[in-house]
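I opened my notebook to go through this model one topic at a time. Here is what I looked up, in the order I looked.

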Amino acid sequence: MIPLQRVTPAQARIGWLKRKPLHATIDGRFDAAHMLSDIQVLSQGAAKEEAAKRFERENNMNPNNFELRPPAGRLWSNPCSFTDVTTEGLTNKVQGGDPGSKRASVYNGQQQLHHLIKSKRRTVNIEQLDPNSNTYKQFKDKDFVALRDDKKMVRKYKLPDGGVILVDFSSVTEADADFTVSGAWDPRTGECTLYHYVAQGLPPEDRMLDEYMDWTIGEGGQLNTPRRASGYH
């Protein structure tokens, strides 16, 4: 009879993930404001629209007449970046990710699980058009409302001094923005509390606490449930 073989940490991790599906929650220490959008932006077009909304919000636009009243009289026109992952979407990605997008680790004697999240970051550059430019001349005679509804994303605004400006929201760049989140993981229950974000990828290999390594490989190559897990539900 072929003796039972002990599993590797990676095999143990996969075994537990198959036995108890993940249920992810986000800990209060997790600062989502630095990495996630409040809204899900899935395309360049959506990023442009959201950048225009933020520009108008930051500059206190009056929706009735398109007049901007920027705080302290200084126009806000910073680049706007958006990812396609929201806080809610993060938990869904963690729970639905395949085993290959995860690694187990141990920190301060506690079992942890890392999750690789595939993401895109779209950045819109907001540009006030030069009145002498050809682009400005192309749009200067169009109505405020007509430009708002135009998909070319050049919009017209009034200034408090009575002047008029044209702002271009059409320039957007897109780049991969993959990141890793990790947190405490209880393999017995599947609970994983996310609280740490890193821009790097997954750890190179798995580490599992000894108490979660009591899996064996049977004669047919199947993974046998740990004896100590027999009472887990």
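**Aromatic pairs**

How many aromatic pairs are there by the ring rule? I used this rule: rings of Phe, Tyr and Trp (its six-membered ring) pair if their centres lie within 6.5 Å, with planes under 30 degrees apart counted as stacked, over 60 as edge-to-face and the rest as tilted. The count came to six. One of them is Phe66 with Phe144, a stacked pair with 5.5 Å between centres and 25 degrees between the planes. Phe66 sits in the loop between helix H2 (44-58) and strand E3 (80-83), while Phe144 belongs to helix H5 (residues 144-148), so this pair ties together parts that lie 78 residues apart in sequence. I also noted a cluster in which ring pairs link Trp16, Tyr212 and Trp215.

Before going on, I wrote down the ground rules. This is a predicted model, where local features need pLDDT of at least 70 and side-chain atom pairs count only at pLDDT 80 or more, while totals for chains, interfaces and linings use all residues. Residues are numbered from 1 along each chain as its sequence is written, and side-chain values use heavy atoms, leaving out hydrogens and water. Helices (H or I, at least four residues) and strands (E, at least two) are DSSP runs, numbered from the N terminus.

**Around Phe144**

Are Phe66 and Phe144 buried or exposed? Both are buried; buried means under 20% relative accessible area, exposed over 50%, and partly exposed in between (1.4 Å probe, protein chains only). Next I looked for charges over the ring, meaning NZ of Lys or CZ of Arg within 6 Å of the ring centre and within 35 degrees of the ring normal. The charged end of Lys156 sits over Phe144, 5.4 Å from the ring centre. Lys158 also lies over the face of Phe144, at 5.5 Å from the centre.

**The four-stranded sheet**

I then followed an open sheet of four strands, ordered E3-E6-E8-E7 with antiparallel pairing; strands pair if DSSP finds at least two bridges between them. E3 and strand E7 (154-158) are at the edges with a single partner strand each, so one side of each has no neighbour in the sheet. On average, neighbouring strands here are turned by 25 degrees against each other, direction ignored. E7 and strand E8 (residues 164-176) run antiparallel and are joined by five bridges; Arg155 has Val167 in E8 as its bridge partner.

**Val164**

I picked Val164 in strand E8. Its relative accessibility is 39%, so Val164 counts as partly exposed. Which residues does Val164 touch, leaving aside neighbours within four places in sequence? They are Tyr136, Phe144, Lys156 and Tyr157, with contact meaning heavy atoms within 4.5 Å. Glu67 is 97 residues away from Val164 in sequence, yet their C-alpha atoms are 8.9 Å apart.

**Helix H3 and Phe179**

In helix H3 (residues 87-96), I found Gly89, Leu90, Thr91 and Val94 buried. These buried residues pack against several strands, including strand E2 (23-26) and strand E9 (179-186). Phe179 lies in strand E9 and counts as buried at 2% relative accessibility. Phe179 and Gln200 are 21 residues apart along the chain, with 6.1 Å between their C-alpha atoms.

**Whole protein**

To finish, I noted the totals. The protein has five helices and twelve strands, and 41% of its 233 residues are buried.

Definitions and conventions
Axes fitted to C-alpha atoms, helices over the stretch in contact; angles between N-to-C directions.
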